[in-house]
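Thanks for coming. I have one model to go through today, and I will keep to the coordinates. Please have the sequence and the structure open.

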Amino acid sequence: MPLSGSHMFGSIEDTRVTFVEKGVSENRKDFLKKLLEHNGLEVLIEEDKKKAEDDPQLYTVAVTDMVFNPTIWVYQRKLKTFDGRKVNQDYWEQRSEDTKPQYWNNGKKS
């Protein structure tokens, strides 16, 4: 699920949460849980209901911080990788381990 800018919130069981991503694979769920906990956020996971028995299990990832917005935190460079670098959009979306260049180029030619 790409960064959308929308602040999605609701509940998991009796806890109010901000939804980070819905309908994610187990691999994506594990990545987000580790990254968000590393950044001091309390993470809640909910298994999504399957439409058919042979469908893969998908998950909803949420945090208990009601003002957390993944888009803002990524673009304001508030999240850190496990080795202390700032998370960019490609890292967040697991397209690259490289956290440079940032999502802007400051007018420099490639």
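First, the ground rules. This is a predicted model, in which local features need pLDDT of at least 70 and side-chain atom pairs count only at pLDDT 80 or more, while totals for chains, interfaces and linings use all residues. Residues are numbered from 1 along each chain as its sequence is written, and side-chain values use heavy atoms, with hydrogens and water left out.

On layout: the protein has three helices and four strands. Helices here are DSSP runs of H or I with at least four residues, strands are runs of E with at least two, and both are numbered from the N terminus. Read from the N terminus, the order is β-β-α-β-β-α-α.

Of the 110 residues, 35% count as buried. Buried means under 20% relative accessible area, exposed means over 50%, and partly exposed is in between, with a 1.4 Å probe and protein chains only. The protein exposes about 7100 Å², and carbon and sulfur atoms supply 47% of that. Those areas come from the Shrake-Rupley method with a 1.4 Å probe, and for residues only the protein chains shown count as cover. As for contacts, meaning heavy atoms within 4.5 Å, take those between residues at least 6 apart in sequence: 52% of them join residues at least 24 apart.

Now the core. Which residues of the largest nonpolar core touch the most other members? They are Val-20, Leu-36, Phe-68 and Trp-92, out of 19 residues. A nonpolar core is a set of buried Ala, Val, Leu, Ile, Met, Phe, Trp, Tyr and Cys residues joined through side-chain atoms within 4.5 Å. Two or more residues each come from β2 (15-24), α1 (26-38), β4 (59-63), α2 and α3. Helix α1 gives the largest share, four residues.

Val-63 sits in strand β4 and is buried, at 0% relative accessibility. Beyond its neighbours within four places in sequence, Val-63 contacts Val-17, Thr-18, Val-20, Leu-36, Leu-41, Glu-42, Val-43 and Phe-68. Val-43 is 20 residues from Val-63 in sequence, with the two C-alpha atoms 4.5 Å apart.

Next, charges. How many salt bridges does the structure hold? There are six, a salt bridge being a side-chain nitrogen of Lys or Arg within 4 Å of a carboxyl oxygen of Asp or Glu.

One of them pairs Glu-21 with Arg-28, with the closest N and O atoms 2.6 Å apart. Glu-21 counts as buried because its relative accessibility is 1%, and Arg-28 is also buried, at 8%. Another joins Asp-30 to Lys-29, at 3.2 Å between the closest N and O atoms. Here Asp-30 is partly exposed, at 29%, while Lys-29 is buried, at 13%.

Arg-95 bridges to Asp-90, with a closest N to O distance of 2.6 Å. Arg-95 is exposed, at 52%, and Asp-90 is partly exposed, at 32%. Asp-90, Glu-93 and Arg-95 are linked in a network of salt bridges.

That brings me to Arg-77, in the loop between α2 (70-75) and α3 (89-92). Is Arg-77 buried or exposed? It counts as buried because its relative accessibility is 13%. Even so, Arg-77 has no salt bridge, and the nearest side chain of opposite charge, Asp-98, is 8.8 Å away. For charge, Lys and Arg count as positive, Asp and Glu as negative, and His and the chain ends are not counted. The side chain of Arg-77 does reach the backbone oxygen of Val-87, at 3.3 Å.

Phi of Arg-77 is near 60°, a positive value in a residue other than glycine. Glu-13 also has a positive phi, near 55°. Glu-13 lies in the loop between β1 (9-12) and β2, and is exposed, at 74% relative accessible area.

Last, Thr-99, in the segment after α3. Thr-99 is buried, at 5% relative accessibility. Leaving aside neighbours within four places in sequence, Thr-99 contacts Arg-77, Thr-81, Arg-85, Lys-86, Asn-88 and Tyr-91. With Arg-85, the side chains form a polar contact of 3.4 Å. A polar contact is a pair of N or O atoms within 3.5 Å; within protein, one must be able to donate a hydrogen and the other to accept it, and residues adjacent in sequence count only if both atoms are side-chain atoms.
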